[in-house]
Amino acid sequence: MVFEPPKRLVRALGETAPDGDDWLEKLPGAAQRAVALRELTVERVQVPGGRSSLVVLVRTADGTPAVLKLAPGRARPEAERAALAHWAGRGAVQLLEESSTEGVLLLERLHPDVSVRSLPEAKALLEAAGTLRRLWVEPPAGFPFETVAERTGRQAEAMRARAQAAPEVAPLVDVALAAREELLAAPPEHRLLHGTFRQSKVLGGERMPWLAVGPDPVVGECAFDLARLVRDRVEDLIAQPSGAATTRRRVKRLAESLDVDQERLRGWTLFRAVESGVRAGRVGRPRDAELLLEFAGWL
């Protein structure tokens with residue numbers, strides 16, 4: 001079988017490696033070797049698939065449905081493996097092998113085309129929040145994960161550089177960076193976080209109705225993780241005449257349902273929306289940048 005990467009993956013990797021990436025060139029051969037080593041039967045490549053990995057639906061030698069996932073080093077697949085091993089299937093997809101080829105994960109098969117995003121909005125938020133709560137556990141001793149301070153520190157540098165190149169975003173960047181400094185001064189807890197949680201990252205399963213996939217794990221406070229969920233379906237929020245009020249109600253409702261401080265959730269939601277908006281503008285997605293920065297302005 002020819003393992004052709006989906007267009008979505010090629011486009012997304014092009015944004016993060018605009019000068020080229022030999023990982024994509026080597027991907028078909030790496031996928032073939034991974035399949036042969038595990039004696040897997042390939043069903044199909046998942047399309048549109050992820051933005052940072054090739055996802056292949058397979059069956060193991062005994063016929064068990066599974067997923068083979070291949071990701072470049074900058075997507076931190078080994079951190080994903082460590083987080084999934086620590087969660088051990090509690091709220092998240094389960095590893096089918098803990099030690100493996102670098103950059104290759106063999107995972108239990110969920111329902112790849114069924115996410116909580118397919119549910120009505122209120123139900124989707126409820127199910128997603130319940131899944132997220134199960135992931136917030138103590139990190140393992142000597143954890144191999146970035147902290148929120150480290151990750152957002154790198155992001156802050158990129159935001160400052162963009163603000164110099166595009167002065168129109170500078171006021172929001174300044175507010176977001178000030179919020180970050182205040183939030184990092186006294187974090188209330190340190191938990192293992194999903195890192196990139198949203199409705200589309202929660203898929204239907206057999207062991208449990210809903211399980212999280214695709215973490216980019218980080219250690220820090222729970223409000224940081226929840227912040228990404230606040231802006232889910234941002235395009236729908238922007239289209240509503242009452243979008244700003246709906247957003248503020250969502251912050252309040254999610255904070256109360258998960259016992260997270262409302263102001264800290266608002267602050268991290270602001271920072272993460274501005275960071276994503278600035279990044280979208282930098283890589284040539286002006287519509288996404290406009291939506292995210294307008295959303296951030298409501299906070």
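Which helix lies across strand 7 and strand 10? Helix 7 (residues 222-230) does, running at about 25 degrees to strand 7. The model is predicted: local features need pLDDT of at least 70, side-chain atom pairs count only at pLDDT 80 or more, and totals for chains, interfaces and linings use all residues. Numbering starts from 1 along each chain as its sequence is written, and side-chain values use heavy atoms, with hydrogens and water left out.

**View 1. Helix 7 and its burial.** Helices (H or I, at least four residues) and strands (E, at least two) are DSSP runs, numbered from the N terminus. Buried means under 20% relative accessible area, exposed over 50%, and partly exposed in between (1.4 Å probe, protein chains only). Among the buried residues are Phe224, Asp225 and Arg228.

View 2. The 3 strands are ordered 6-10-7, with mixed pairing. Strand 6 (146-147) and strand 7 (191-193) are the edge strands, each pairing on one side only. Strands pair if DSSP finds at least two bridges between them. Strand 6 and strand 10 (residues 218-220) are parallel over 2 bridges, and Glu146 is opposite Val218 in strand 10.

**View 3. The packing of helix 6 on helix 10.** The axes of helix 6 (residues 170-185) and helix 10 (residues 262-282) come within 9 Å and cross at roughly 135 degrees. Axes are lines fitted to C-alpha atoms, for helices over the stretch in contact, and angles run from 0 to 180 degrees between N-to-C directions. The two helices are therefore oblique to each other; angles under 35 degrees count as roughly parallel, over 145 as roughly antiparallel, 65 to 115 as roughly perpendicular and the rest as oblique. Residues in contact (heavy atoms within 4.5 Å) include Leu172 and Leu183 in helix 6, and Trp268 and Phe271 in helix 10.

**View 4. Strand 3 beside strand 4.** Strand 3 (residues 65-70) and strand 4 run antiparallel, joined by 5 bridges. Val67 stands opposite Leu107 in strand 4. Of the 5 residues of strand 4 (residues 104-108), 5 are buried, so the strand is largely enclosed by the rest of the structure.

View 5. Most residues other than glycine have a negative phi, and most peptide bonds are trans. The bond from Val47 to Pro48 is cis, with omega near 10 degrees. Arg233, not a glycine, has a positive phi of about 60 degrees; Arg233 is buried, with a relative accessible area of 13%.
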